[in-house]
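This briefing is meant for someone meeting the structure for the first time. Please look over the sequence and the model below, and then read the points that follow, which are grouped by topic.

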Amino acid sequence: MRRNIDPRHYSRVVVEGDKQAPARAMLRAVGFHDEDFGKPQIGVASTWGNVTPCNAHIGDLAREACSGVDAAGGKSVLFNTITVSDGISMGTPGMRYSLVSRELIADSIETVAGAAGFDGFVALGGCDKNMPGCAMAMARLNRPSVFVYGGTIRPGAQRRDIISVFEAVGAHAAGKLTGEGLLDIERTAIPGPGSCGGMYTANTMASAIEALGLSLPGSSAQDAVGEDKRVDCRRAGEAVVRLVREGLRPRDILTRRAFENAITVVIALGGSTNAVLHLLAIAHDAGVRLTLDDFTRIGRRVPVLADLKPSGRYLMSELVAIGGIQPLMKMLLQGGLLHPDCLTVTGRTMQQNLENIPMYMSGQDIVHPLAAPLKKDSHLVILYGNLAPEGAVAKITGKEGERFEGRARVFDGEERATSAILGGAVRAGDVVVIRGEGPRGGPGMREMLSPTSAITGRGLGDKVALITDGRFSGGSHGFVVGHIAPEAALGGPIGLVRSGDRITIDAVKREIRVELPVAELRRRRAAWRPSRPYAQTGVLAKYATLVGSASYGAVTEPIQPRRRTF
């Protein structure tokens with residue numbers, strides 16, 4: 001697996017020889033000295049920004065990674081990429097930029113590292129889209145690299161977090177919470193830096209990336225603030241220098257079996273539906289064939305073990321306190337549910353990394369044993385049917401039931417749906433249909449946290465289903481189905497549904513259907529006309545032109561759809 005290569009395989013082209021004197025002259029101006037030109041150049045990609053608490057501390061962590069690079073004999077070069085905040089933009093037009101930012105982050109890291117000739121790099125992320133964006137860049141560039149998670153936020157007063165605030169909005173609208181109560185929750189839910197505190201998308205993707213082998217053991221389960229995270233960053237910098245010298249690259253690690261390990265860990269943790277979208281995209285950039293049906297195949301044998309929010313009781317910081325995800329991974333390995341021989345950025349296999357990890361202390365009830373799971377199979381259920389010929393992704397923990405049949409309440413866009421829910425227009429037995437929110441139609445596939453939180457806050461979480469060609473925050477829970485493909489903007493069946501139509505969602509049969517004759521669907525399709533695109537210019541218009549189906553990761557590169565016939 002390892003190669004005998006010049007550790008300065010890329011940078012020497014930039015800094016060696018008389019003709020590269022201009023390049024060296026410019027590098028001297030940013031801190032290079034004579035001896036630095038003979039060292040491996042290691043980029044440190046920081047997603048720091050004060051636009052979100054998830055990333056507000058990452059500038060300091062990036063400098064720790066630089067110190068690790070320099071101590072190990074490399075030359076660190078710090079640069080920034082962007083980040084946006086899902087939690088702040090949620091429910092607004094700004095959320096359209098969220099999934100777009102994943103592509104921009106991957107593109108920008110690839111661009112800087114490729115142009116600068118870095119021999120390797122460290123990528124630090126702390127929010128939902130910059131983490132898969134970092135991993136996608138690692139897969140594309142295939143240069144020795146390590147991902148570092150910025151860490152989870154500590155809980156607010158009374159164990160509150162950002163979802164507490166979203167659900168408080170619904171409770172306030174229903175008259176169950178006073179204005180003073182809502183303000184108190186708003187003021188106390190977010191105590192400082194770090195990613196959202198449950199097993200939402202950030203913690204899910206951090207765990208998935210560690211299970212893939214792209215981050216150091218333990219990186220995904222650490223508080224954002226503390227010495228453990230600072231040490232993790234320094235060790236990551238040191239590790240990349242070693243990986244450069246050994247020639248171990250991301251695509252040596254990102255095998256199909258590694259992706260199966262990541263899916264297994266996501267299921268056991270009860271992780272976010274966004275993991276489906278992001279793992280498909282990372283696999284695409286790594287050249288690994290991964291499909292929706294792989295989630296079904298693996299999900300049949302992997303149980304949900306962790307009792308974590310949003311559907312469970314505990315926060316990520318509480319899982320960190322009992323040992324994080326490594327004892328869980330060891331449990332899965334011992335149960336024959338993980339591939340032991342997958343390489344990781346330590347240069348060792350998954351099994352070797354877990355050999356000396358102690359199991360969870362007795363008496364804890366955050367992670368259940370394999371013999372007594374919370375759910376015997378996956379909560380991530382892939383559905384097909386005449387509403388989703390290319391597939392859809394449901395989050396069914398079992399608490400919502402496994403079947404829902406009801407009358408459609410159709411809304412073109414999230415804002416109309418949220419207004420109707422908060423106004424009391426949605427009632428028990430309804431299937432809320434939110435369309436025009438797909439990758440192309442949104443554009444950007446907004447997350448439906450505001451409407452799902454409003455449903456929960458109004459006490460309808462077990463009485464109403466919600467389906468969409470958009471997607472869900474990892475904080476959403478209830479009977480929810482997203483990623484419906486083809487999306488409405490492409491003439492998908494969800495665009496043909498009318499209020500009053502009967503919709504059936506069956507998690508056991510893995511089916512989602514609108515109860516209409518084939519002839520009626522054909523008649524509606526013949527009359528369908530596309531709506532005017534939301535954006536005519538700028539990045540949203542570019543994205544809408546390039547983006548593909550959610551069932552293939554919503555990547556901005558061509559993929560030939562494969563549809564089922566119903």
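Asp294 is buried in this predicted model, with a relative accessible area of 7%. The residue belongs to helix α14, which covers residues 292-299, and, leaving aside residues up to four places away in sequence, Asp294 touches Arg256 and Arg289.

**Packing of α12 and α16**

- Helix α12, made up of residues 256-269, packs with helix α16, made up of residues 326-334, at an angle of about 115°, and their axes lie 11 Å apart.
- Because of that angle, α12 counts as roughly perpendicular to α16, and the crossing in which α12 passes α16 is right-handed.
- On the α12 side the contact is formed by Thr264, Val265, Ala268 and Leu269, which meet Leu328, Met329 and Leu332 of α16.
- Sorted by class, the residues in this contact between α12 and α16 are six nonpolar and one polar, with no charged residues.

**Cysteines**

- The structure contains zero disulfides, and Cys54 is accordingly in no disulfide, the nearest cysteine sulfur being that of Cys127 at 3.7 Å.
- Cys54 is buried, with a relative accessible area of 5%.
- Cys342 is likewise buried, with a relative accessible area of 7%.

Notes: Residues numbered from 1 in each chain as written. Predicted model: local features only at pLDDT ≥ 70, side-chain atom pairs only at ≥ 80, totals over all residues. Heavy atoms only, no water. Disulfide = S-S within 2.5 Å. Buried < 20%, exposed > 50% of the residue type's maximum accessible area, 1.4 Å probe, protein only. Axes fitted to C-alpha atoms, helices over the stretch in contact; angles between N-to-C directions. Helix = DSSP H or I, 4+ residues; strand = E, 2+ residues; numbered from the N terminus. Parallel < 35°, antiparallel > 145°, perpendicular 65-115°, else oblique. Left-handed = near helix turned anticlockwise from the far one by under 90°. Contact = heavy atoms within 4.5 Å. Nonpolar A, V, L, I, M, F, W, Y, C, P; charged D, E, K, R; others polar.
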